[in-house]
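Please view the sequence and the model shown below before reading on.

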Amino acid sequence: MDAKAAIKVALDTAEMISMAYLEDLTDEEMLIRPVPQANHINWQVGHLIASEHQMISKSVPNSMPELPAGFADRYASETASQDDASQFLRKADLIAEYRRQRAATLIALEKMTPETLDQETDESIRSYAPTVGAAFVLQDAHWMMHAGQWAVVRRKLGRKPIF
């Protein structure tokens, strides 16, 4: 298995786990915090989408579709403490935007060569994603890290473990 195939498997695994955790949650449940001051799932999903868009855009210019107007601002760190549902997208709209961005990520990945995966990223993300390949791999790790937090919310809601 080459690097591109390994990255694709990691992305697919993260998607399978993440979407399983989100599948049966309502819009209201997406706003529940596991503990006070922790980020709710709706904000986390928007943050993941905006982060993926930014990292892949900085690594592979002109590869990602524009986010909807105001999306990045809506899911910026300054809004993480908001609980007003009207300030965030509904779950269906978040998932649709995720799928649109992820499709572009996968198209960009498919065009990569071993040489392009080894190239340095834009200076603005180099401290945490030093190469283009690292920026792709980080999508898996980032989604999985947050999905682990969603398992706690699911237990708080009385849901049985999925995995």
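Which residues does Arg33 touch, not counting residues up to four places away in sequence? They are Ala38, Asn39, His40, Ala80, Ser81, Gln82, Asp83 and Lys156, where contact means heavy atoms within 4.5 Å. The model is a predicted one, in which local features need pLDDT of at least 70 and side-chain atom pairs count only at pLDDT 80 or more, while totals for chains, interfaces and linings use all residues. Residues are numbered from 1 along each chain as its sequence is written, and side-chain values use heavy atoms, with hydrogens and water left out.

- Arg33 lies in the loop between helix 1 (3-22) and helix 2; helices (H or I, at least four residues) are DSSP runs, numbered from the N terminus.
- With a relative accessibility of 14%, Arg33 counts as buried; the term buried means under 20% relative accessible area, exposed means over 50%, and partly exposed lies in between (1.4 Å probe, protein chains only).
- The Arg33 side chain reaches the backbone oxygen of Ala38 at 2.5 Å.
- The backbone oxygen of Ser81 is also reached by the side chain of Arg33, at 3.2 Å.

**Helix 2**

- Helix 2 covers residues 41-59, and its 19 residues should span 27 Å at 1.5 Å a residue; the expected span is 1.5 Å times one less than the number of residues.
- The end C-alpha atoms of helix 2 are 26 Å apart, which agrees with that expectation.

**Salt bridges**

- The count of salt bridges comes to eleven; a salt bridge is a side-chain nitrogen of Lys or Arg within 4 Å of a carboxyl oxygen of Asp or Glu.
- One of them joins the side chains of Lys4 and Glu110 (3.9 Å, N to O).
- This pair links distant parts of the chain, with Lys4 in helix 1 and Glu110 in helix 4, 106 residues apart.
- Glu110 is exposed, at a relative accessible area of 57%.
- Asp12 and Lys8 also meet through their side chains in a salt bridge (2.7 Å, N to O).
- Because Asp12 and Lys8 are four residues apart in helix 1, about one helical turn separates them.
- Asp12 is partly exposed, with a relative accessible area of 32%, and Lys8 counts as partly exposed at 33% relative accessibility.
- A further salt bridge is formed by the side chains of Asp24 and Arg159 (3.1 Å, N to O).
- That pair links distant parts of the chain, 135 residues apart: Asp24 is in the loop between helix 1 and helix 2, and Arg159 is in the segment after helix 6.
- Asp24 counts as partly exposed at 36% relative accessibility, whereas Arg159 counts as buried at 19%.
- Asp24, Glu29, Arg154 and Arg159 are linked in a network of salt bridges.

**Surface features**

- Met16, Ile162 and Phe163 make a nonpolar surface patch of about 300 Å².
- Ile162 is placed in the segment after helix 6 (132-156), and Ile162 is partly exposed, with a relative accessible area of 37%.
- Ala92 belongs to helix 4 (residues 91-110) and is exposed, with a relative accessible area of 58%.
- The C-alpha atoms of Ala92 and Gln44 are separated by 15 Å, the two residues being 48 residues apart along the chain.

Methods: Helices (H or I, at least four residues) and strands (E, at least two) are DSSP runs, numbered from the N terminus. Patches are made of residues with over 30% relative accessible area and no salt bridge: like charges are joined within 9 Å, nonpolar side chains (Val, Leu, Ile, Met, Phe, Trp, Tyr) within 5 Å. Accessible areas come from the Shrake-Rupley method with a 1.4 Å probe; for residues, only the protein chains shown count as cover. A polar contact is a pair of N or O atoms within 3.5 Å; within protein, one must be able to donate a hydrogen and the other to accept it, and residues adjacent in sequence count only if both atoms are side-chain atoms.
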